[in-house]
Amino acid sequence: MPITQSMLSFPRLLLLTCTFTATMVIAADGNLTFKSSEQETQYHRLIEEFRCPKCQNANLAGSDAPIAQDLKQKTYELVQNGRSDQEIRDFMVTRYGEFISYKPPIKPSTWLLWFTPPTLLALGLIGWLLRARQRQGVSTAPLSSEESWRLKQLLDGSSAHTQTSQPNDQEQPHDR
């Protein structure tokens, strides 16, 4: 099948579209101007701290979702208006709930979130230690000559029905 001009133009169009979109995303954060370096630091610290409601495991700084772009813009506006970190956090939590924060406060509604993992870890560690302690008290008796012979036969790959003599001229054990 010969390559047509329209086949060549599609990859070019796709590449151009991707490049243009990526440039717009980069420019979206690059066009922000701050009155001071403290405001810029505050802005970047906050967008690192807030979770993207759509992405769930990405912060605002690492997300390109439309909602993340809106939240970054709102954070920028609040920083520009001179709001403190706590005022901005309170605004975001009021609007989006505790989920927006990667560091939710310790209060009755978040106790399960904060205390379940360490409690489960402690219980698992205690259980493991108790089990290890029980195993230390268990002693094993040495093998009898018949058991030693049978073990040797099994390890050598011989069957139990092989007609070889046992140590101490005993009869060969039967399969159990």
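Biologist: Taking contact to mean heavy atoms within 4.5 Å, what covers the buried residues of helix 4?
Modeller: In this predicted model, the cover over the buried residues of helix 4 includes helix 2 and helix 3.

Biologist: Which residues are buried in helix 4?
Modeller: Asp 85, Ile 88 and Met 92 are buried in helix 4.

Biologist: Where do they fall, seen down the axis of helix 4?
Modeller: The buried residues of helix 4 fall within an arc of 70° when seen down its axis, so they line one face of the helix. In general, an α-helix has 3.6 residues a turn, so residues three or four places apart point the same way.

Biologist: How many residues does helix 4 have, and how far does it reach?
Modeller: Helix 4 covers residues 85-96, which is twelve residues. From its first C-alpha to its last it reaches 16 Å, close to the 16 Å expected at 1.5 Å a residue.

Biologist: Is Tyr 76 buried or exposed?
Modeller: Tyr 76 has a relative accessible area of 13%; buried means under 20%, so Tyr 76 counts as buried. The rings of Tyr 43 and Tyr 76 have centres 6.2 Å apart and planes at 90°, so that pair is edge-to-face as well. The pair links distant parts of the chain, with Tyr 43 in helix 2 and Tyr 76 in helix 3, 33 residues apart. Phe 34, Tyr 43 and Tyr 76 form one aromatic cluster.

Biologist: What lies over the face of Phe 99?
Modeller: Arg 51 lies there, at 4.8 Å from the ring centre.

Biologist: Finally, what is the overall secondary structure?
Modeller: The protein has six helices and zero strands. Buried residues are 20% of its 176 residues. The accessible surface comes to about 13,500 Å², with 60% belonging to carbon and sulfur atoms.

Note on methods. Residues numbered from 1 in each chain as written. Predicted model: local features only at pLDDT ≥ 70, side-chain atom pairs only at ≥ 80, totals over all residues. Heavy atoms only, no water. Helix = DSSP H or I, 4+ residues; strand = E, 2+ residues; numbered from the N terminus. Buried < 20%, exposed > 50% of the residue type's maximum accessible area, 1.4 Å probe, protein only. Areas by Shrake-Rupley, 256 points an atom, 1.4 Å probe, with all protein chains shown as cover. Phe/Tyr/Trp six-rings, centres within 6.5 Å; stacked < 30°, edge-to-face > 60°. Lys NZ or Arg CZ within 6 Å of the ring centre and 35° of its normal. Expected span 1.5 Å × (residues − 1). Arc of directions from axis to C-beta. Contact = heavy atoms within 4.5 Å.
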